[in-house]
Amino acid sequence: MISLIIPSYNRCKLLYNTLNKFLNDESINYEIIVVDQSENQDSQLINLIKTHSDKIRYFNIKRKGLPHARNYGISVARGDFVVFCDDDVIPKKDFVLNHVRNFKEMDVGGVGGRVLVRNEDEAVHGKLRDTGVFREWDGKFTDNFSSSDRQYVDHVQGCNMSFRKDVIIQAGGFDENFEGSAHLEESDMCLRIRNMGYKIVFDPCAELIHLKDPDGGCRAENYHQWFYWFGHNYML
């Protein structure tokens, strides 16, 4: 079985739209786990979840933090593979299927998918070659997750990634010391999995559009917060 885990915080309308997109995907059987950290619940969202209780498992938790929400989702997941996405995305056709097919290679521990950002210049997409690179001597991370080339990478982007559940548990789960914006928590996880001897694959066929909504989620409220948590998590 496969588990799609969607952490969410104060984004009921966006989450509602995202869930509807996934409910239309019948390419492969999977459960949807919503880990909601919102203080207030939306009646339209709750009705959707109740209507599709055979597909969606909803958990409202009090403790805030993206790595904690991911770990909670893993703890209740029934699947052998866990796919993560944000609550403000538009998945392309066969999104989950295109993630999971990569695990046919037994040495693949994790997968990252292609991320197109809403309103970005489409001319740059697919032209960037160096994707998901970690430069060890100075700790520099290269993203370029709009690439159209399937390749092995060092790390992936948190809004579009998947892992073998047993491998992520063996790695110790997501480090909950990555607080605030949670910047680099997914990169930290990937590096630990690679150190265990597994490969991380970037597959552009597992594609989504990231809306990058400025409200809710773990977005910083101002530049002071952003720079503080960026520095904190980068040093961690």
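Student: Which residues form one aromatic cluster?

Tutor: F84, F163 and F174 form it. Keep in mind that this is a predicted model.

Student: How many aromatic pairs does the structure hold?

Tutor: It holds 8 aromatic pairs.

Student: Why is the pair of F81 and F103 called stacked?

Tutor: Rings pair if their centres lie within 6.5 Å, and planes under 30 degrees apart count as stacked. For F81 and F103 the centres are 4.9 Å apart and the planes are at 25 degrees, so the pair is stacked.

Student: What makes F81 and F103 a tie between separate parts of the chain?

Tutor: Look at where each one lies. F81 is in strand β4 (residues 81-85), while F103 is in the loop between α4 (95-100) and β6 (108-117). The two parts are 22 residues apart in sequence, so the pair ties them together.

Student: How do you know whether F81 and F103 are buried or exposed?

Tutor: Buried means under 20% relative accessible area. F81 has 18% relative accessibility, so F81 counts as buried. F103 has a relative accessible area of 4%, so F103 is buried too.

Student: What describes the pair of F134 and F141?

Tutor: Their centres are 4.8 Å apart, with 35 degrees between the planes. Stacked needs planes under 30 degrees apart and edge-to-face needs over 60, so the rest count as tilted. The F134 and F141 pair is tilted.

Student: What makes K55 a charge over a ring?

Tutor: The distance cut-off is 6 Å from the ring centre, and the charge must also be within 35 degrees of the ring normal. The charged end of K55 sits over the ring of Y30, 3.7 Å from its centre. R70 lies over the face of F174, at 5.5 Å from the ring centre.

Student: Which residues touch the most other members of the largest nonpolar core?

Tutor: L19, F22, I32, F84 and F163, out of 58 residues. Helix α1 (residues 12-23) gives the largest share of this core, 6 residues.

Student: What is F163 in contact with, leaving aside its neighbours within four places in sequence?

Tutor: Among its contacts are F81, F84, F103, F174 and M189.

Student: What makes the phi of A182 and N144 worth a look?

Tutor: Most residues other than glycine have a negative phi. Phi of A182 is near 60 degrees, a positive value. Phi of N144 is also near 60 degrees.

Student: Where are A182 and N144 found?

Tutor: A182 is in the loop between α5 (165-170) and α6 (185-195). N144 is in the loop between β8 (140-142) and β9 (151-153).

Conventions:
Residues numbered from 1 in each chain as written. Predicted model: local features only at pLDDT ≥ 70, side-chain atom pairs only at ≥ 80, totals over all residues. Heavy atoms only, no water. Phe/Tyr/Trp six-rings, centres within 6.5 Å; stacked < 30°, edge-to-face > 60°. Helix = DSSP H or I, 4+ residues; strand = E, 2+ residues; numbered from the N terminus. Buried < 20%, exposed > 50% of the residue type's maximum accessible area, 1.4 Å probe, protein only. Core = buried A, V, L, I, M, F, W, Y, C linked by side-chain atoms within 4.5 Å. Contact = heavy atoms within 4.5 Å.
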